[in-house]
Amino acid sequence: MSKKLDYSLLELASVREGDSISATLANSVAYAQHAEKLGFKRFWLAEHHNMEGITSSATSVLVGHIAGQTNSIRVGSGGVMLPNHPPLVIAEQFGTLECLYPGRIDLGLGRAPGTDQITARALRRDSIGAEQFPEDVAQLQHLLGPLQPGQQVKAIPGAGTNVPIWLLGSSLYSAQLAAMRGLPYAFAGHFAPRLYREALRVYRDNFQPSEQLQQPYAMLAIPAVPADSMIEAKHLTTTSYQRILALFRGQPLWMKPPVDSMDGLWNAAEEAGVKDFLGLQVLGNATDIKLQLDELLSDIQVEELMFTVDIYEPEKRRHALNILTESLAND
């Protein structure tokens with residue numbers, strides 16, 4: 001890597017098959033604390049609903065919990081799915097978080113519901129679609145900014161906190177909007193790798209400076225399976241394979257132990273689909289991952305990498321961060 005990048009983590013608070021949600025969240029706290037010790041910049045949680053095996057649905061609650069159990073790492077949403085929520089509620093929640101943990105809170109926003117249509121209706125925002133996303137973002141910026149004379153609707157707490165807003169996306173739409181609004185942008189390469197080059201190029205080429213950001217700031221999220229050897233990493237990644245396969249089949253998304261072989265667990269079409277889903281995955285030891293990251297970054301420009309690390313054993317998952325940090329260290 002030609003320059004030092006910041007590096008961060010995305011967390012789904014994934015439940016191991018047979019574990020309790022309480023144990024899962026305790027493991028997420030320990031994971032965040034270890035990341036903080038190693039110098040990771042951010043720890044983001046993703047909003048999902050009605051998905052057995054993923055427990056980050058009450059995203060702002062978990063952001064507060066993780067922030068309260070750490071000291072310096074930035075904690076935020078990656079992201080809040082804005083069509084599910086009135087902007088005023090999100091401004092109040094994240095304004096409160098910013099007051100509790102000054103200078104440590106990020107508000108990443110997505111325009112998908114993060115769930116199926118039946119659940120989206122259960123969230124009581126069925127009349128509000130993604131088409132209102134730009135207006136909702138603008139309203140959030142207004143509510144988190146300084147109070148204006150005669151302003152009737154105020155986020156208390158929230159007004160004047162200027163919580164940093166990020167736009168998240170897996171297509172060109174949010175890249176264009178982030179560029180137009182002068183906001184930082186994160187591309188979801190951890191599950192939708194196909195358009196990452198185009199989206200990052202659109203964002204950088206069209207960026208317009210704003211009060212929040214004078215220069216473009218892009219982040220790429222990718223899956224990683226760091227291990228002591230490539231053989232072990234290939235074994236550990238079968239946990240991800242099984243979970244994505246379950247996603248494709250509409251089954252619960254429990255994290256399952258790694259297996260020696262996926263033969264008999266998937267067919268050829270499913271194997272191709274899962275591996276396409278993980279197209280940007282890096283894996284192996286520190287040297288392996290560094291070489292893969294060098295190749296990935298050779299034709300794109302980003303300021304930060306965000307990793308998803310799906311490893312079944314909590315201890316191995318924390319150890320994986322040591323390996324990842326080694327691979328990201330300066331030459």
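1. Let's start with a pocket. Leu140, Gln141, Leu144, Gly145, Pro146, Asn162, Val163, Ile165, Arg181, Ser210, Glu211 and Gln212 line the second largest pocket. A pocket here is an open set of points on a 1 Å grid over the protein atoms alone, with protein on both sides within 12 Å along at least five of seven lines, and lining residues have an atom within 4 Å of a point. The volume of this second largest pocket is about 300 Å³, where a volume is the space filled by probe spheres set on the points, and grid points are joined across faces, edges and corners. Helix α5 (residues 133-144) gives the most to its lining, with three residues.

2. A word on the model and its numbering. This is a predicted model, in which local features need pLDDT of at least 70, side-chain atom pairs count only at pLDDT 80 or more, and totals for chains, interfaces and linings use all residues. Residues are numbered from 1 along each chain as its sequence is written, and side-chain values use heavy atoms, with hydrogens and water left out.

3. Now for the largest pocket, with a volume of about 970 Å³. It is lined by 47 residues, and Leu12, His48, Ala188, His190 and Phe191 are the closest to its centre. Strand β7 gives the most to this lining, with five residues; helices and strands are DSSP runs numbered from the N terminus (helices H or I, at least four residues; strands E, at least two). By class, the lining has 25 nonpolar, 15 polar and seven charged residues. In this scheme Ala, Val, Leu, Ile, Met, Phe, Trp, Tyr, Cys and Pro count as nonpolar, Asp, Glu, Lys and Arg as charged, and the others, Gly among them, as polar.

4. The structure holds one cavity of 30 Å³ or more, a cavity being a set of grid points where a 1.4 Å probe fits but cannot get out. The largest cavity has a volume of about 170 Å³. Of its 16 lining residues, Ser14, Asn27, Met255, Pro314 and Arg317 lie nearest the centre. The elements that give two or more residues to this lining are α1 (21-38) and α12 (314-328), and α1 gives the most, with four.

5. Helix α9 (residues 238-249) is worth a visit. Its twelve residues reach 16 Å from first C-alpha to last, close to the 16 Å expected at 1.5 Å a residue (1.5 Å times one less than the number of residues). Nine of the twelve are buried, that is, under 20% relative accessible area with a 1.4 Å probe and protein chains only. Their cover includes α8 (230-236) and α10 (268-277). Just after α9, Gly250 takes a positive phi of about 70°.

6. Finally, is Ser56 buried or exposed? Ser56 counts as buried because its relative accessibility is 0%. Its place is in the loop between β2 (42-45) and α2 (59-68). Leaving aside neighbours within four places in sequence, Ser56 is in contact (heavy atoms within 4.5 Å) with Leu12, Ala13, Ala46, Glu47, His48 and Leu62.

How values were computed: Buried means under 20% relative accessible area, exposed over 50%, partly exposed in between (1.4 Å probe, protein chains only).
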